[in-house]
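Here's a quick tour for anyone meeting this protein for the first time. Have a look at the fold, then read on.

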Amino acid sequence: MALPKIEVKKILYATDLSENARFAFAYAVSLAKLYGANITLLHILPEGSELMEKHIIGYIDPGKWEEIKTRHFDEARKALIGKRRDHLAVREVLHHFSEKSMKSEDNEGIGSGEIIVERGNPVEEIINQSRKQNCDLIVMGTHGHGTLEDAMIGNTARRVIRRSKIPVLVVRLPEEY
């Protein structure tokens, strides 16, 4: 039986901007170099949890809750990005990080795709963007902090693996970091 030829032309690198995610980026770059693939960087600004939403809706009407969320999101965005729109500061940081990482001689020829910053449910957005960008692989980090978590991967990564139609590489930060 002949094995299928694996072609990876587009990699979606999902980052939460953590140390672990930066470590996972090394894998994305290595695979991009190996396959001659482009890397699209994705960061999701998460919204409140569904459980919290259910509890809050019991206290106020949904319209008021949306107004409060929008106001706080706008305030957070202004603090984070200096009153610029579309999460430009986060996008700029990711652009600088990407450019710096890929400028070394070892990483020549790696194509940098889009840098996408969205707001929403991280799992939904990772899956949606992997489809929208027509990616062949998702690379993301995960956290392992305790004995129970050592036995399983992080919640977001686990849910992405379950829902993704394409392969997902989950990278865990080594203990020495």
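This is a predicted model: local features need pLDDT of at least 70, side-chain atom pairs count only at pLDDT 80 or more; totals for chains, interfaces and linings use all residues.

## The overall layout

Take the contacts between residues at least 6 apart in sequence: 74% of them join residues at least 24 apart.

In soluble globular proteins, nonpolar side chains tend to be buried together. Here, the largest nonpolar core has 17 residues, and Ile11, Tyr13, Phe25, Ala28, Ile39, Leu41 and Val139 have the most contacts inside it. At least two residues of this core come from each of β1, α1, β2 (38-46) and β4 (137-142). The largest share, 7 residues, is supplied by α1.

Another core lies apart from that one, with 13 residues, including Leu42, Ile116, Ile127 and Met140.

## A pair of rings

How many aromatic pairs are there? The count is 2. One of them joins tyrosine 13 and phenylalanine 25, a tilted pair with 4.8 Å centre to centre and 55 degrees between the planes. Tyrosine 13 sits in strand β1 (residues 10-15) and phenylalanine 25 in helix α1 (residues 19-35), so this pair ties together parts that are 12 residues apart in sequence. Tyrosine 13 and phenylalanine 25 are both buried.

Key. Residues are numbered from 1 along each chain as its sequence is written. Side-chain values use heavy atoms; hydrogens and water are left out. Rings of Phe, Tyr and Trp (its six-membered ring) pair if their centres lie within 6.5 Å; planes under 30 degrees apart count as stacked, over 60 as edge-to-face and the rest as tilted. Helices (H or I, at least four residues) and strands (E, at least two) are DSSP runs, numbered from the N terminus. Buried means under 20% relative accessible area, exposed over 50%, partly exposed in between (1.4 Å probe, protein chains only). A nonpolar core is a set of buried Ala, Val, Leu, Ile, Met, Phe, Trp, Tyr and Cys residues joined through side-chain atoms within 4.5 Å. Contact means heavy atoms within 4.5 Å.
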